[in-house]
Amino acid sequence: MGGFTLDDILATRKPRDSWWTVFMVDPLACRLALLVANHTSITPNGLTRLSMLIGFASAAAFTEGMLVAGAVLFYLSFTVDCMDGKIARLKGTGTPFGLWLDYVGDRVRVVCCAFGWGFGEYARTGDTDAVLAAVGVVVLDLFRYINGPQLKRVKDATRALLEARLEGQFVLAESVLRSRPRTELGQAAAEFGQAAAADDTDDTDRTDRPVVDLQKAFHARFPWYDRFRVFLTRHRVRTHVVSGIEFHAAVFVVGPLFGPRAMVPVAAVSGALLLAFEMSLVYRVWLASRQVPSTAAEREKVLV
């Protein structure tokens, strides 16, 4: 077996992740991944399958009204799910099919746990609100994972249009921030320009390629956002603070710990927050699509 260290495992974490994963899951998942890496030959796909099995056990517990057990098992299922990527990056044993398995496993776990709780509660008490809440959880989860790829398509189309309008003579602000994630945009753009000017070997002549910010209108309306982004990035947290992961944690871990009466209100509040953050993403993409200059001469309106 390998002689991996905890630092090796920590190096496999994503540069930015959900705050629930960073603070509530990774401290345990990294240490369990170290044990798995050093003392077993289990593969990332094997961990994904184990995560699904624990997820089914969580759904069964919810069906039987064992909410605390269901919450613990759901947390453990998600923890194991977080380990598979770490093992894959550490050992280089990931497979393309593993991406599909991981994605589908997440959706199956949510559907089973939601309907397990909703219909189990209905069978015990006749409470139709639980069934409606379960359906709402599944619909919102599916919307979250449909909305993401569609927004990416819009972003790609917006960038392609920008490329055509400006003939590729620009650098996107997000590319600059990717290399300087802990720096506010204005400073990052200035540092980028200084680095480009000092690079005599760059054949692309980066000094002639200005930094374009398609989120300029958004930043003008919410000037605090960039400082907020830097604060979160320094703690390895992404800005989408209520994503599918936090939604699942609220519904299937936090809610059950407060008892059956808390489940529907927690699902409703967390669902509303998830939908609000998804709409904020749509709003940002909409603003960016409107920022594309009609001609190269209008590029000033998007320059940093």
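**Exercise 1. Helices α4 and α5**

Work out how α4 and α5 are oriented to each other in this predicted model.

*Solution.* Start with the geometry: helix α4 (residues 67–91) packs against α5 at an angle of about 175°, and the two axes are 12 Å apart. Next, bring in the cut-off: angles over 145 degrees count as roughly antiparallel. So α4 and α5 are roughly antiparallel to each other.

Now look at who does the touching. On the α4 side you'll find L67, F74, S77, F78, D81 and D84, and on the α5 side D102, D106, R109, C113 and W117. Sort these residues by class and you get five nonpolar, one polar and five charged.

**Exercise 2. Helices α5 and α6**

Find the orientation of α5 to α6, then sort the residues of their contact by class.

*Solution.* The axes of α5 (residues 96–125) and α6 (residues 128–166) come within 7 Å and cross at roughly 170°. That angle makes α5 roughly antiparallel to α6, because the cut-off is over 145 degrees. As for handedness, the crossing is right-handed.

Then the contact itself: α5 brings residues including Y103, V110, F115 and Y122, while α6 brings, among them, A130, V137, L142 and Y145. By class, this contact has 17 nonpolar, two polar and three charged residues.

**Exercise 3. Placing T48**

Is T48 buried or exposed, and which residues does T48 touch?

*Solution.* First, locate T48: the residue sits in helix α3 (residues 44–63). Second, check the accessible area: buried means under 20%, and T48 has a relative accessible area of 3%, so T48 is buried. Third, list the contacts. Leaving out residues up to four places away in sequence, T48 touches D84, L101 and D102. Finally, compare sequence with space: T48 and G85 are 37 residues apart in sequence, with 9.3 Å between their C-alpha atoms.

**Exercise 4. An aromatic pair**

Describe how the rings of F222 and W224 are arranged.

*Solution.* A pair of aromatic rings is described by the distance of the centres and the angle of the planes. For F222 and W224, the centres are 6.2 Å apart and the planes make an angle of 80°. Planes over 60 degrees apart count as edge-to-face, and that's the label for F222 and W224.

How accessible are the two residues? F222 has a relative accessible area of 29%, so F222 is partly exposed. W224 comes out at 46%, also partly exposed. Zoom out a bit and ring pairs link F218, F222, W224, Y225 and F228 into a cluster. Across the whole structure, there are 12 aromatic pairs.

Notes. Residues numbered from 1 in each chain as written. Predicted model: local features only at pLDDT ≥ 70, side-chain atom pairs only at ≥ 80, totals over all residues. Heavy atoms only, no water. Axes fitted to C-alpha atoms, helices over the stretch in contact; angles between N-to-C directions. Helix = DSSP H or I, 4+ residues; strand = E, 2+ residues; numbered from the N terminus. Parallel < 35°, antiparallel > 145°, perpendicular 65-115°, else oblique. Left-handed = near helix turned anticlockwise from the far one by under 90°. Contact = heavy atoms within 4.5 Å. Nonpolar A, V, L, I, M, F, W, Y, C, P; charged D, E, K, R; others polar. Phe/Tyr/Trp six-rings, centres within 6.5 Å; stacked < 30°, edge-to-face > 60°. Buried < 20%, exposed > 50% of the residue type's maximum accessible area, 1.4 Å probe, protein only.
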